[in-house]
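User: Hey, can you walk me through the contacts in this one? I'd like to go through it bit by bit.

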Amino acid sequence: MFLYEKKLQYPVKIKNPNAKFAKIIISQLGGPDGELAAAMRYLHQRYTVPYGQIVGILTDVAVEELAHLEMVAAILYQLTKGLSPEEIRAAGMDQYFVDHTAGLYPASAAGVPCDMKYIGVKGDLLADLNEDLAAEQKARVTYDNILRLVDDPDVQDPIRYLRARELVHYQRFGDALRIAQDKLDEKNFYAFNPSFDKICPNGGCNH
Amino acid sequence: MKQNSRCGVGNGSCGVSQYGSSCSAQARSGCNSCSSQARNGCGLCSAFRARPWNECDSSCGAFRARAWNECGSCGRCGGPSVARSLCRGSCGGQALSCPLQRSTDCGCEQSSGADRSRDNDCEREVDCDHDHRSLAMVYSEKQHFSSLYDPKEGLCRGTVFQELNKPFLAYGRK
Amino acid sequence: MLYGNELLKEIQAEDFAVYEAALYLDAHPNCEKALAYYREHKCAVKKLKEKYEELYGPLTIYSSADCDSWQWVNGPWPWEKEAN
């Protein structure tokens with residue numbers, strides 16, 4: 001089950017609201033490489049993984065992505081708190097405002113609502129881990145791009161932190177891949193799908 | 001009555017009747033003679049026999065098909081048996097290549113005297129003479145638990161591991 | 001109610017060390033160094049959290065015991081500036 005802790009993983013304290021920045025950063029809330037998609041991807045992939053260490057990695061990274069989702073929400077909340085409709089219109093946020101006011105609706109910077117089409121759950125251990133490696137890289141690039149576009153140090157600080165976490169996750173998925181390789185036959189990793197086919201070496205089953 | 005087999009839909013009830021020596025309908029596991037969808041550990045599978053998934057050593061009849069693992073004496077696998085792995089016997093039909101049991105002995109222990117035990121898997125392993133990498137696969141360097149920032153600096157940088165600190169530099173600062 | 005920002009930052013730092021160690025241990029469960037590090041920082045953060053909760057209220061829903069009133073619903077919430 002999920003336990004909520006009433007604190008952010010890393011502090012977010014933004015002095016100056018700015019709707020233009022919010023319009024960009026919202027992609028990490030509901031965009032294709034954002035934290036919500038990442039959390040959903042890992043949470044759903046973990047159910048059919050037959051190796052405990054890899055389930056652990058997927059679960060713990062997923063939970064951290066939820067914590068990051070909350071941080072991104074905190075950034076957006078503080079960037080839009082107290083803005084007047086005139087300021088919102090001047091920032092070009094009026095189209096979002098009409099449907100969502102200053103609520104935080106998971107969508108991309110282009111206005112596309114978050115979509116499960118962004119995630120893959122192939123049910124094959126090696127395919128899913130490769131997807132996860134790619135996902136962390138794409139998230140990193142999105143944060144790189146936010147750093148290019150947003151020049152407020154109060155905002156850059158938590159964004160920089162979130163970007164660094166993606167790299168650590170990338171290493172962890174690399175570790176997961178290594179663990180998977182150790183369990184499989186190096187002469188042919190693709191002989192079967194450990195997430196689906198039952199494997200009973202020595203008379204015992206993994207499940 | 002078998003002790004620890006849950007055969008069928010309910011808690012111990014094998015489909016229609018009690019499980020044990022003769023199970024009807026959806027006998028799932030641990031049944032001695034299971035009809036229909038006998039799944040596991042099924043010694044003698046009658047009728048629908050179909051899918052003995054595991055450990056099928058007896059004559060699995062008709063649809064035999066999917067003897068997946070440890071075929072051993074798949075002898076009677078006949079037909080389109082698709083013995084996938086570790087199949088030593090003659091599995092007929094589409095018997096795929098039976099890869100060797102993954103060997104952990106690459107001879108490195110002998111040649112380098114390296115301790116490749118799993119007891120301390122954060123330590124650096126001595127390089128093995130053999131290259132275990134194969135085509136159509138990507139490999140990841142093993143990280144060692146060393147070179148740490150203190151927690152406050154680690155939090156600030158986004159990682160406690162110095163080796164994983166790879167900041168983005170291509171943007172301007174105010 | 002003022003949040004103990006400095007104390008919270010200490011907790012965030014120690015919790016972060018614990019989580020980094022936990023993620024590492026998922027991939028390297030037999031690493032003694034990582035286990036020792038995990039234990040050390042888990043112990044440290046436990047004490048800090050007890051102190052924090054005594055002064056400022058619960059961090060999780062399970063810590064609201066021993067209170068005369070239900071403090072869980074009190075602000076500020078983590079996304080608000082005052083909580084950071």
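Predicted model: local features only at pLDDT ≥ 70, side-chain atom pairs only at ≥ 80, totals over all residues.

User: Let's begin with chain C and chain A. How many residues does the contact take from each?

Analyst: It takes 31 residues from chain C and 33 residues from chain A. Together the two chains bury about 2800 Å² between them, with 57% of it on carbon and sulfur atoms.

User: How many salt bridges are there between chain C and chain A?

Analyst: Three salt bridges. One of them joins E20(C) to R165(A), at 3.1 Å from N to O. As for polar contacts, there are 15 residue pairs between chain C and chain A, with both residues at pLDDT 80 or more. On the side of chain C that touches chain A, α1(C) gives the most, with twelve residues.

User: And what about chain C with chain B, how much area do they bury?

Analyst: About 1500 Å² between them, and 65% of that is on carbon and sulfur atoms. In chain C, the residues losing the most area to chain B are F16(C), Y24(C) and Y37(C), which together make up 34% of what that side buries. The contact takes 17 residues from chain C and 20 residues from chain B.

User: Which residues form the salt bridge between chain C and chain B?

Analyst: E10(C) and K152(B), with their closest N and O atoms 3.0 Å apart. On the side of chain C that touches chain B, the elements giving two or more residues are α1 (5-27) and α2 (32-56) of chain C. Of the two, α1(C) gives the most, with eight residues.

User: Switching to aromatics. How many aromatic pairs are there over all chains?

Analyst: The count is 13. Take Y42(A) and F173(A): the ring centres are 4.8 Å apart and the planes sit at 45 degrees, so that pair counts as tilted. The pair links distant parts of the chain, with Y42(A) in helix α3 (residues 35-45) of chain A and F173(A) in helix α8 (residues 153-183) of chain A, 131 residues apart.

User: Are those two buried or exposed?

Analyst: Y42(A) is buried, at 1% relative accessibility, and F173(A) is buried too, at 0%. Over in chain B, F168(B) and Y171(B) form a stacked pair, 5.8 Å centre to centre with 5 degrees between the planes. F168(B) counts as buried because its relative accessibility is 13%, and Y171(B) is buried at 10%.

User: Which residues do ring pairs link into a cluster?

Analyst: Y4(A), W72(C), W77(C) and W79(C). The charged end of K6(A) sits over the ring of W72(C), 5.2 Å from its centre. K6(A) also lies over the face of W77(C), at 4.2 Å from the ring centre.

User: Nice. Back to salt bridges, how many over all chains?

Analyst: A search of the whole structure finds 20. In chain A, the side chains of K15(A) and D154(A) meet at 3.0 Å, N to O. K15(A) lies in the segment before α1 (19-25) of chain A and D154(A) in helix α8 of chain A, so the bridge ties together parts that are 139 residues apart in sequence. K15(A) is exposed at 57% relative accessibility, whereas D154(A) is buried at 16%.

User: What's the distance between E153(B) and R157(B)?

Analyst: Their side chains meet in a salt bridge at 2.8 Å, N to O. They are four residues apart in helix α2 (residues 151-157) of chain B, so about one helical turn separates them. E153(B) is partly exposed at 30%, and R157(B) is partly exposed at 32%.

User: Which residue does K9(C) form a salt bridge with?

Analyst: E6(C), with the closest N and O atoms 4.0 Å apart. Both lie in helix α1 of chain C, three residues apart, about one turn of the helix. K9(C) is partly exposed at 34%, while E6(C) is exposed at 58%.

How values were computed: Residues numbered from 1 in each chain as written. Chains lettered and ligands numbered in written order. Heavy atoms only, no water. Phe/Tyr/Trp six-rings, centres within 6.5 Å; stacked < 30°, edge-to-face > 60°. Buried < 20%, exposed > 50% of the residue type's maximum accessible area, 1.4 Å probe, protein only. Lys NZ or Arg CZ within 6 Å of the ring centre and 35° of its normal. Contact = heavy atoms within 4.5 Å. Buried area = accessible area lost by both parts, 1.4 Å probe. Polar contact = N/O pair within 3.5 Å; in protein donor to acceptor, adjacent residues only side chain to side chain.
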